[in-house]
Amino acid sequence: MVFLSCLLFGCIIAISGSIVPSFLNLTVIKFSLKSGKKSALYLIAGFATVLFFQANIGAFLASVLMENSEYITLIQKIGTAILFLLSFNFFRLYFTKVDRSKRVEVKKSKAYLHGLGMALLNTFAIPFYFTSISLLISLGYFEYTLKNSLYFSIGSTLGSFSLYALYASIAHKIEQKFTSISTKMDFILGCLTGGVGIVNLVFLLK
């Protein structure tokens, strides 16, 4: 039962974090269109490998925080500063003229390594898993152990891989809509991170 619940939570959280337009799923779509579904699956395997470890790290950090509540304020201050920096960076990316239609040629033999590299650049993964698992722990739905963390990470890996594989399969149908949304994502993420940063700052100043 514990195995299934951890697996399910990992799968659901991973899908919810991967379903919104981002540079990862946009890359899957473009790669699938250019090099084919099979090559895209190697790319996705690279993503999933990194996400497995990122989920583990997020679970560990969440358990440490919940057991050492005296560090919560310090972590909130650091997190608030990071949110403002991320917000600034997203706005900078949005207002900087970038050729978003440019596609980079990647050999099929290097698709997996390319996926590893891109997933490592995904700065939101660990904070996302950290926040999600902290919420599960606080609600009593998750207890950190090495086994539970492993089960959760397996679930998150399966969830991410399945969703990205779906994107690769229907790439030709959603490319135009997805690209249109993705051009606005930097602005949306800038607003979201900035808004959360302001809320945290107000909370800390009380």
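Which residues do ring pairs link into a cluster? In this predicted model, the cluster consists of F128, Y129, F142 and F152. Rings of Phe, Tyr and Trp (its six-membered ring) are taken to pair if their centres lie within 6.5 Å, with planes under 30 degrees apart counted as stacked, over 60 as edge-to-face and the rest as tilted.

Because the model is predicted, local features need pLDDT of at least 70 and side-chain atom pairs count only at pLDDT 80 or more, whereas totals for chains, interfaces and linings use all residues. Residues are numbered from 1 along each chain as its sequence is written, and side-chain values use heavy atoms, with hydrogens and water left out.

The protein chain contains 9 helices and 0 strands, where helices (H or I, at least four residues) and strands (E, at least two) are DSSP runs numbered from the N terminus. The order of elements from the N terminus on is α-α-α-α-α-α-α-α-α. Of the 206 residues in the protein chain, 37% are buried; buried means under 20% relative accessible area, exposed over 50%, and partly exposed in between (1.4 Å probe, protein chains only). Among contacts (heavy atoms within 4.5 Å) between residues at least 6 apart in sequence, 88% join residues at least 24 apart.

Helix α2 (residues 23-35) meets helix α7 (residues 146-169), their axes coming within 8 Å and crossing at roughly 40°. Such axes are lines fitted to C-alpha atoms, for helices over the stretch in contact, and angles run from 0 to 180 degrees between N-to-C directions. The crossing is right-handed, a term used if the near helix is turned clockwise from the far one by less than a right angle, and left-handed if anticlockwise. In this contact, L24, N25, V28, I29 and S32 of α2 meet Y164, Y167 and A168 of α7. The residues involved comprise 6 nonpolar, 2 polar and no charged, with Ala, Val, Leu, Ile, Met, Phe, Trp, Tyr, Cys and Pro counted as nonpolar, Asp, Glu, Lys and Arg as charged, and the others, Gly among them, as polar.

Helix α2 also crosses helix α5 (residues 111-120), with the axes within 11 Å and at roughly 160°. The two helices are therefore roughly antiparallel to each other, and their crossing is right-handed. Here F23, L24, T27 and F31 in α2 meet A111, M118 and A119 in α5. This contact has 6 nonpolar residues, 1 polar and no charged.

Within helix α7 lies S160, which is buried at 1% relative accessibility. Leaving aside residues up to four places away in sequence, S160 touches A14, S18, L51 and Y129.

The whole structure holds 8 aromatic pairs. One of these, between F9 and Y141, is tilted, at 6.1 Å centre to centre and 35° between the planes. Because F9 lies in helix α1 (residues 2-18) and Y141 in the loop between α6 (125-138) and α7, the pair ties together parts that are 132 residues apart in sequence. F9 is partly exposed, at 24% relative accessibility, while Y141 is exposed, at 52%. The rings of F52 and F53 form an edge-to-face pair, since their centres are 5.2 Å apart and their planes stand at 90°. F52 is partly exposed, with a relative accessible area of 21%, and F53 is exposed, with 51%.

Notes: Angles under 35 degrees count as roughly parallel, over 145 as roughly antiparallel, 65 to 115 as roughly perpendicular and the rest as oblique.
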